[in-house]
Amino acid sequence: MSRPALTRPLRSEKFGLERTDPLRWRLKTDKVGRLNWAYIRDDDELKRHPQTPYEKHVLGLETGLSEFPKAETPYDAALNGLRFFKELQLDKGLWACRYGGPMFLLIGVIAAHYLTKTPVPEEWKIEIIRYLTNSAHPIDGGWGLHSEDKSTVFGTACNYVVIRLLGMPPDHPVAVKARTTLHKFGGAVGCPHWGKVFLSILNLYEWDGVNPVPPDLWVLPDWVPVHPGKWWVHCRQVYLPMGYLYSEKVKAPLDPLLESLRSELYTTPYDSIDFSKHRNNVSEIDIYYPHTKILNFVNSAMVICEKFFRPDWLKKKAKDVVVDLIRKENQNSDFLCVGPINNVLNAIVVFCEEGPDSKNFLRHKERFADFMYISEEGMLMMGTNGVQCWDTSFALQTICTIGAGDLPEFRETVKKGLEFLDNSQFTENCVPGSYRDNRLGCWPFSTKDQGYTVSDCTAEALKAVLMVQKLPHVETLISDERIYPAIDVLLSLQNRGSFSPGSFASYEKIRGPPLLELLNPAEVFGNIMVEYPYVECSDSVVIGLSYFRDHSSYRRDEVVRAINDAVAYIKSEQDVNGGWYGSWGICFTYAAMFAIEALSYQGEVYANSEVVRKGCHFLAKRQEADGGWGESYRSCETLTYVPHEQSQVVNTAWACLALMLAEYPDVEVIKRGIRLIMSRQQPNGEWKQEGIEGVFNRSCMIEYPNYKFYFPIKALGMFAKKYSNASL
Ligand code: LAN
């Protein structure tokens with residue numbers, strides 16, 4: 001049973017839960033877009049820094065922004081939308097983002113605080129409890145893998161521990177309800193692997209009931225096909241510190257609160273449980289990717305090896321290699337790490353290795369806050385340290401595409417946005433020996449500090465920079481010489497040889513065989529072991545390189561060849577119905593927009609391309625009676641188009657953009673979509689939050705709240721420019 005939309009009043013209010021004063025929260029940022037929410041207790045400071053419209057917006061307060069007469073034409077609607085969206089830009093030029101959705105992250109940061117005896121700030125405790133109360137399932141009181149998911153053992157066990165460690169008593173109705181659901185599922189013994197790891201770190205589960213995470217693999221020569229250096233970067237960076245913690249059996253000292261939790265999480269007394277029998281006990285409700293037989297065999301073999309055949313020198317050697325790589329990851333990302341999981345696991349490792357007062361651990365502690373985000377519903381933990389560059393790139397592209405970049409009221413917005421991208425470009429490569437590729441000249445998804453480039457993030461930022469720098473009033477900040485290295489990296493990222501030639505993966509080229517997926521131990525995610533070819537990433541690179549091809553002759557032949565090969569791959573990925581499966585947005589509508597945009601830049605449109613025609617028919621067939629499109633997140637899980645109960649502004653914008661870029665001849669179809677987008681616009685130009693927009697690893701959804709602004713604005717503006725701006 002998936003979760004109904006959030007209702008008002010919030011559940012935290014019904015329970016009379018304590019809350020902090022929303023007027024005291026301020027978002028601090030710097031020129032590379034760090035996002036830190038601070039709770040200001042000093043009244044003078046509060047007065048000196050009045051809340052910005054963005055802060056008010058995300059806290060659910062009245063923004064006081066202007067209202068406009070109802071837009072009659074699509075262009076007026078686009079401009080009203082942009083007027084609202086422009087007010088959300090931060091003074092450093094970026095757009096901030098509440099990047100929530102995954103519900104398995106808070107346990108990590110709270111476990112890291114607990115084990116290292118780092119106090120959790122009071123205002124975090126209050127707001128995290130409030131968030132978890134508001135996001136619990138309204139009927140069974142549990143939590144799932146993500147905020148719209150049914151309840152699962154993973155979500156419920158982990159978040160139950162969080163509320164209890166943060167001070168909620170076990171007899172509070174919120175805790176009672178969640179615990180009852182957890183027991184109904186059979187208790188925390190049915191947790192998936194990652195949940196078992198977190199519980200073990202907290203001494204709430206036993207390490208011998210956790211499937212092995214051998215750090216020893218890192219000692220293998222690099223050429224071995226299963227060497228972790230060939231895995232997808234998220235996978236290898238998570239299993240790196242997990243390997244250390246597993247091998248060293250790190251756990252928090254037992255205390256009365258943990259003793260009590262031991263008696264709450266299970267249906268039988270803790271001491272009576274033989275944890276080693278529960279290694280493969282994973283609740284049915286949690287499983288997305290079941291163990292393969294070969295994984296079970298390998299796990300059993302590893303348990304025996306670890307017990308009887310693992311010499312101490314190997315354990316020690318593996319530990320040294322892992323610690324060295326963790327230090328490099330910290331150095332390359334200024335302690336942010338590639339994501340929220342290895343951020344907290346690395347912090348625990350550094351604490352164990354270097355102690356509580358070490359410089360490195362102190363830096364880790366400062367970085368926890370970069371993932372914590374306040375919202376109307378409370379405080380959540382984000383999937384990354386933000387979406388800064390990605391959102392800013394699309395915002396700038398939107399402004400340019402609809403021809404608003406020259407309007408005096410948006411000039412400052414564009415200028416500041418470009419300055420942010422200027423500050424965010426990588427100026428250094430990673431330290432040698434980190435298993436990382438070149439990044440010089442590229443852009444990240446979030447911030448320069450975080451240090452990871454993604455093929456499509458560089459391509460979309462490149463497109464934004466080129467578009468903005470073409471505007472007559474904009475000074476060129478990023479010279480061609482600074483763009484060339486980005487082109488070099490993009491070209492080097494294209495897959496060649498036996499792994500989906502022509503395609504682009506996410507962070508790196510595909511390094512390891514897809515067969516490694518048979519050893520995916522995570523149970524709840526699909527496609528995590530190695531890089532895969534992605535249609536959307538390939539589309540964005542084609543789009544970025546096409547812009548560049550028209551701008552400069554640098555490595556022209558190779559650029560053209562890269563585009564052609566990627567286009568061939570994109571075409572080959574279209575399914576028989578004409579759709580493309582989207583891996584990072586929900587789902588077919590998302591991928592269709594990117595694919596058709598990429599093809600349109602090669603002159604392929606409805607009139608001359610069978611692939612584009614099929615893509616258009618796929619979309620047109622799925623238009624709802626109200627003129628919109630609505631796609632459920634179930635599309636991502638099932639790999640087939642599943643309609644949402646209601647049409648969604650964001651899906652509608654994607655579908656309309658795809659059809660317009662394709663020059664779909666039946667303009668009436670597009671017009672009906674545009675009308676739906678206009679009908680949902682609020683008097684101040686904004687659109688209200690609807691269903692969740694993004695996804696990763698097929699099963700976990702993630703929020704992209706800014707999508708509901710820039711994609712509809714782009715669709716409205718494009719419609720007005722391409723067809724007519726007559727009243728609709
Ligand atoms: C992201 C967010 C951005 C996303 C796009 C740029 C949109 C995509 O086109 C390429 C892949 C990428 C960079 C991406 C990869 C996986 C991420 C980092 C995430 C979805 C955000 C959170 C997720 C990360 C894996 C979450 C932590 C969970 C694990 C399974 C390790």
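Twenty residues surround the ligand, and the closest are Tyr-99, His-234, Phe-445, Asp-456 and Trp-584; here a residue is near a molecule if one of its heavy atoms lies within 4 Å of it. This is a predicted model, where local features need pLDDT of at least 70, side-chain atom pairs count only at pLDDT 80 or more, and totals for chains, interfaces and linings use all residues. Residues are numbered from 1 along each chain as its sequence is written, and side-chain values use heavy atoms, with hydrogens and water left out.

**Around the ligand**

- A polar side-chain atom of Asp-456 lies 2.3 Å from an oxygen atom of the ligand.
- On its own the ligand has 620 Å² of accessible area, and the protein covers 99% of that (Shrake-Rupley method with a 1.4 Å probe).
- The shell around the ligand holds 15 nonpolar residues, four polar and one charged. Ala, Val, Leu, Ile, Met, Phe, Trp, Tyr, Cys and Pro count as nonpolar, Asp, Glu, Lys and Arg as charged, and the others, Gly among them, as polar.

**The loop between α19 and α20**

- You will find Ser-506 in the loop between α19 (480-492) and α20 (535-549); helices (H or I) are DSSP runs of at least four residues and strands (E) of at least two, numbered from the N terminus.
- Ser-506 counts as buried because its relative accessibility is 2%; buried means under 20% relative accessible area, exposed over 50%, and partly exposed in between, with a 1.4 Å probe and protein chains only.
- The side chains of Ser-506 and Trp-232 make a polar contact at 3.1 Å. Such a contact is a pair of N or O atoms within 3.5 Å; within protein, one must be able to donate a hydrogen and the other to accept it, and residues adjacent in sequence count only if both atoms are side-chain atoms.
- Glu-523 lies in the loop between α19 and α20 too, and with a relative accessible area of 2% Glu-523 is buried.

**Backbone spots to look at**

- Most residues other than glycine have a negative phi, and most peptide bonds are trans.
- Phi of Glu-523 is positive, near 65 degrees.
- Arg-698 is not a glycine, yet has a positive phi of about 70 degrees. Arg-698 is in the loop between β7 (694-696) and β8 (700-702), and counts as partly exposed because its relative accessibility is 23%.
- Ile-586 and Cys-587 are joined by a cis peptide bond, with omega about -25 degrees. Cys-587 is in the loop between α21 (556-572) and α22 (588-600).
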